[in-house]
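Please keep the model in view while reading.

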Amino acid sequence: MTARNIIGKRYKDLEVIAEAGKNKHRTRMLICRCLKCGTITEPKPYTSVVNRGITCGSPTCRYKHGESRTRLYRIWSHIKQKCFNRTDHQYKKFGALGITMCEEWDLDFRAFRDWALANGYTDEMTVSRRDKKGGYNPENCYVRPSKYPNSKESKTNE
Ligand SMILES: [Zn+2]
């Protein structure tokens, strides 16, 4: 039986970067990179990463995850999903067409947040693209009033 190649795949906050063999319970182990804080994890069981969507577990990461309740964070997270997550229902209109998020924003929410705040973001605003065929990056994006201010669901397609 050949193990499915999942290097480079993303599950929640973790991107698989390497296989780490099997542990003493013969469980397939994976080394991941946290998409939120950049931490390279200790080997973690396949099922925890793929099925349970565990986080990186780094104490400094937990601190950064404190921002995950904010509306701006949800906007960032939804953009990432539709650009990078092949199972996201919007992926075919974004990632599949080559629309992506710049590495600086992808790797660090704070870079996106700082850009948005510097460009006048408030919870009545949203992040939009000038060129709809272009990606999410500081050159192609701007902040404008949202049609759904204060919405619990961030509508990043408006
Ligand atoms: Zn992390």
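In this predicted model, strand β2 (residues 14-22) and strand β3 (residues 28-34) pair in the antiparallel sense over six bridges. Helices (H or I, at least four residues) and strands (E, at least two) are DSSP runs, numbered from the N terminus, and two strands count as paired if DSSP finds at least two bridges between them. Within this pairing, Lys22 has Arg28 of β3 as its bridge partner. Five residues lie between the strands in the hairpin of β2 and β3, where Arg26 takes a positive phi near 65°.

Residues are numbered from 1 along each chain as its sequence is written. Because the model is predicted, local features need pLDDT of at least 70 and side-chain atom pairs count only at pLDDT 80 or more, whereas totals for chains, interfaces and linings use all residues.

β2 also pairs with β1, again in the antiparallel sense, over two bridges. Here Tyr11 stands opposite Leu14 in β2. The hairpin of β1 and β2 has two residues between the strands, and Lys12 takes a positive phi near 50° in it. Taken together, four strands form an open antiparallel sheet in the order β1-β2-β3-β4. β1 (10-11) and β4 (44-45) stand at its edges, each with a single partner strand, so one side of each has no neighbour in the sheet. Strands of a sheet pair through backbone hydrogen bonds, either parallel or antiparallel.

The next element to consider is helix α5 (residues 109-118), in which Phe109, Phe112 and Ala116 are buried. A residue is termed buried if 20 or more other C-beta atoms lie within 10 Å of its own, exposed if 12 or fewer, and partly exposed in between, with C-beta atoms placed from the backbone. Seen down the axis of α5, the buried residues fall within an arc of 65°, so they line one face of the helix; the arc is that of the directions from the helix axis to the C-beta atoms. The face turned away from this buried side carries the exposed residues Leu117 and Ala118. Just after α5, Gly120 takes a positive phi of about 95°.

Finally, confidence is expressed as pLDDT, the predictor's confidence in each residue, from 0 to 100. The chain averages a pLDDT of 87, and 87% of the residues score at least 70. Among the elements of the chain, β6 has the highest mean pLDDT (96) and helix α2 (residues 59-64) the lowest (61). Where pLDDT is low, the predicted coordinates should not be read in detail.
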